[in-house]
Amino acid sequence: QVQLVESEGGLVQPGGTLRLSCTASGTFFSINSFGWYRQFPGKERELVASIDSRLRPGYSDSVKGRFTISRDTAANAIHLQMNSLKPEDSAVYYCHAEVMLERLRAWRDYWGLGTQVTVSA
């Protein structure tokens with residue numbers, strides 16, 4: 001099985017920075033899309049940023065220009081550098097990976113357990 005282990009979030013002041021990391025462990029063939037989602041209370045989970053196997057990043061409009069996603073392919077890890085944080089960024093952040101367990105098998109979605117990010121003075 002695949003496990004996604006996220007770094008801890010935390011409490012940050014508005015305008016501050018925070019870096020989240022996620023590492024995939026287990027036995028698998030390949031990871032395609034690898035990224036972060038977030039969920040506000042009572043809302044659906046939404047995409048924050050993702051990066052594909054060719055290292056092409058994508059961002060939601062709400063974080064573009066403030067967040068940067070990077071990928072360490074050899075380590076099966078991604079990092080989300082969050083700058084200029086706003087109170088409206090407060091949410092539970094989930095790591096997501098689209099994984100192929102064996103060559104030429106179907107892609108499967110895996111999720112981390114989530115980590116709380118709170119932006120408040």
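Guide: Start with charge: Lys and Arg count as positive and Asp and Glu as negative, while His and the chain ends are not counted. The place of a charge is taken as NZ of Lys, CZ of Arg, CG of Asp or CD of Glu. On that basis the chain has 13 positive and 12 negative side chains, and the centres of the two sets lie 5 Å apart. This is a predicted model, in which local features need pLDDT of at least 70, side-chain atom pairs count only at pLDDT 80 or more, and totals for chains, interfaces and linings use all residues. Residues are numbered from 1 along each chain as its sequence is written, and side-chain values use heavy atoms, with hydrogens and water left out.

Visitor: How many helices and strands does the chain have?

Guide: The count is 0 helices and 11 strands. Helices (H or I, at least four residues) and strands (E, at least two) are DSSP runs, numbered from the N terminus.

Visitor: Why is the chain called as compact as a globular protein of that length?

Guide: The radius of gyration is taken over C-alpha atoms, and the globule rule is 2.2 Å times the number of residues to the power 0.38. For 121 residues the rule gives 14 Å, and the radius of gyration of the chain is 14 Å, so the chain is as compact as a globular protein of that length. Along the principal axes, the C-alpha atoms fill a box of roughly 50 × 25 × 20 Å.

Visitor: What makes Asp89 count as buried?

Guide: Buried means under 20% relative accessible area, exposed over 50%, and partly exposed in between (1.4 Å probe, protein chains only). Asp89 has a relative accessible area of 1%, so Asp89 is buried. Of the 121 residues of the chain, 40% count as buried. Asp89 is placed in the loop between β8 (77-82) and β9.

Visitor: What does Ser90 reach from the loop between β8 and β9?

Guide: The side chain of Ser90 reaches the backbone oxygen of Pro87 at 2.9 Å. A polar atom of the Ser90 side chain also lies 2.8 Å from the backbone nitrogen of Val119. With neighbours within four places in sequence left aside, Ser90 is in contact with Phe40, Val117, Thr118 and Val119.

Visitor: Why does His79 count as buried?

Guide: The relative accessibility of His79 is 18%, so His79 counts as buried. His79 lies in strand β8, and a polar contact of 2.8 Å joins its side chain to that of Ser21. Among the residues that His79 touches are Arg19, Trp36 and Ile69.

Visitor: How do you know that Asp52 is buried?

Guide: Asp52 has a relative accessible area of 16%, and therefore Asp52 is buried. Asp52 sits in the loop between β5 and β6. A polar atom of the Asp52 side chain lies 2.9 Å from the backbone nitrogen of Arg54.

Visitor: Leu55 is in that loop too. Why is Leu55 called partly exposed?

Guide: The relative accessibility of Leu55 is 44%, so Leu55 counts as partly exposed. Its phi is near 70°, a positive value in a residue other than glycine.

Visitor: What makes Leu104 count as exposed?

Guide: Leu104 has 70% relative accessibility, so Leu104 counts as exposed.

Key
Contact means heavy atoms within 4.5 Å. A polar contact is a pair of N or O atoms within 3.5 Å; within protein, one must be able to donate a hydrogen and the other to accept it, and residues adjacent in sequence count only if both atoms are side-chain atoms.
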